[in-house]
Amino acid sequence: MMELQTVRYGEDGLFILDTTKLPRNLEYIKMETVEECFDAIRTLKVRGAPAIGVAAAYALVLAAEEARQTSYEEFYEDFKRAKDYLAKSRPTAVNLFWALDRIDRMVQKHRGESPHRLRTAIIDEADRIKQEDVEMCRKIGEHGLTLLSDGMAILTHCNTGVLAASRYGTAIAPVYLAKERGTNIKVFADETRPLLQGARLTSYELFHSGVDVTLICDNMAAMVMKNKWVQAVFIGCDRIAANGDVANKIGTYGLAVLAKHHGIPFYSVGPTSTIDMEIATGDEIPIEERGAEEIIYGLGYQIAPEDVKVYNPAFDVTPNELITGIITEKGIVRPPFRENLAKLFAE
Ligand code: MRU
């Protein structure tokens, strides 16, 4: 597995791997301000639900530095403003809000302490979020691997590997764990229009990690399934509603319909921080709509009339009845999802 760090914080500051430059350049950029962090998340320099959560957590370290250092009250007012601002960077992946709220709760618990001590506490909490992400992804990989065996092939969409998390990734974690243990799982990776995360990121990281990966255009998935070249579909998730409906990269819903038709099991894979028990069904999940230029200039040059009408949702919602199971760090949740997800949180 490529040992890449999507987000790195140390004495020299906060750095993110600019995934928009891949596969041509492997470039880390230094984040100097909260505004730069906001921009990095909004423009997908750092993306993928778990990595967004980690980036947002460290962005709050910069927020703590920018805040007034006078008193707890004034510090907290500025900190909270920065937190609310960061929460507007992207609407769908719940990990963003989960990480921001977790740090906010921790700061409030330290009410009355000096801004200097609060900054240290925020660094510690962000470090914990990152470390827990690594551990969670490993556990997700272990559970996912129980469904796979040597020589099997999966189809995946978008990017859910090391470039979307802190290590291993989510839907791709079983593939990396298998590789570590000398078992080979083949991957068919959808290129994932319009921003090509599958081509630019998934095929890049798997290819350089020595995984048998085949890149396909999104419209080839039906053929691959019909040919029986894949035995399962593993996709990530940006938010899961309490009834098991899954919001994930646009195109996921279509894949789930195809998988159902071909009798192929369809798994959504992600940490429990992606499950939003406050949302009853997928209809309530806010779906990000992005600019027309991503489609008109999506391949780096103009491919459609400048002013043509464009519909560009970044995510879709797959209804729970198309989902075979949800693989989390706590185990595999199967239907009925409403009951079984509630049980998972009650444990
Ligand atoms: O728009 P992106 O690139 O952030 O979309 C990412 C996805 O849809 C992933 O499948 C999801 O975040 C899972 S991350 C492991």
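Here is a chat about the ligand site and some backbone features of a predicted model.

Trainee: Before we start, what should I know about the model and its numbering?
Mentor: It is a predicted model, where local features need pLDDT of at least 70, side-chain atom pairs count only at pLDDT 80 or more, and totals for chains, interfaces and linings use all residues. Residues are numbered from 1 along each chain as its sequence is written, and side-chain values use heavy atoms, with hydrogens and water left out.

Trainee: Great. Which residues come nearest to the ligand?
Mentor: Arg47, Arg90, Gln197, Asn248 and Lys249, out of 17 residues around the ligand. A residue counts as near if one of its heavy atoms lies within 4 Å of the molecule.

Trainee: And what lies 2.8 Å from an oxygen atom of the ligand in the case of Arg90?
Mentor: A polar side-chain atom of Arg90. Arg47 also has a side-chain N or O atom 2.8 Å from a ligand oxygen, and for Asp238 a polar side-chain atom lies 3.0 Å from an oxygen of the ligand. A polar contact here is a pair of N or O atoms within 3.5 Å.

Trainee: How much of the ligand's area does the protein bury?
Mentor: 99% of the 410 Å² that the ligand exposes when taken alone. Those accessible areas come from the Shrake-Rupley method with a 1.4 Å probe.

Trainee: Where does the ligand sit, then?
Mentor: In the largest cavity. A cavity is a set of points, on a 1 Å grid over the protein atoms alone, where a 1.4 Å probe fits but cannot get out; "sits in" means that more than half of the molecule's atoms lie within 2 Å of its grid points.

Trainee: Which elements give two or more residues to the shell?
Mentor: Helix H2 (49–66) and strand E9 (246–249). Helices (H or I, at least four residues) and strands (E, at least two) are DSSP runs. Domain 1 (7–137) and domain 2 (142–346) each supply at least three shell residues, with bounds from an automatic or database domain assignment.

Trainee: What about Arg193 to Pro194?
Mentor: That peptide bond is cis too, with omega near 5°. Pro194 is in the loop between strand E5 (186–190) and helix H7 (197–208).

Key: Polar contact = N/O pair within 3.5 Å; in protein donor to acceptor, adjacent residues only side chain to side chain. 1 Å grid on protein atoms, 1.4 Å probe; cavity = no way out; pocket = protein on both sides within 12 Å on 5 of 7 lines; lining within 4 Å.
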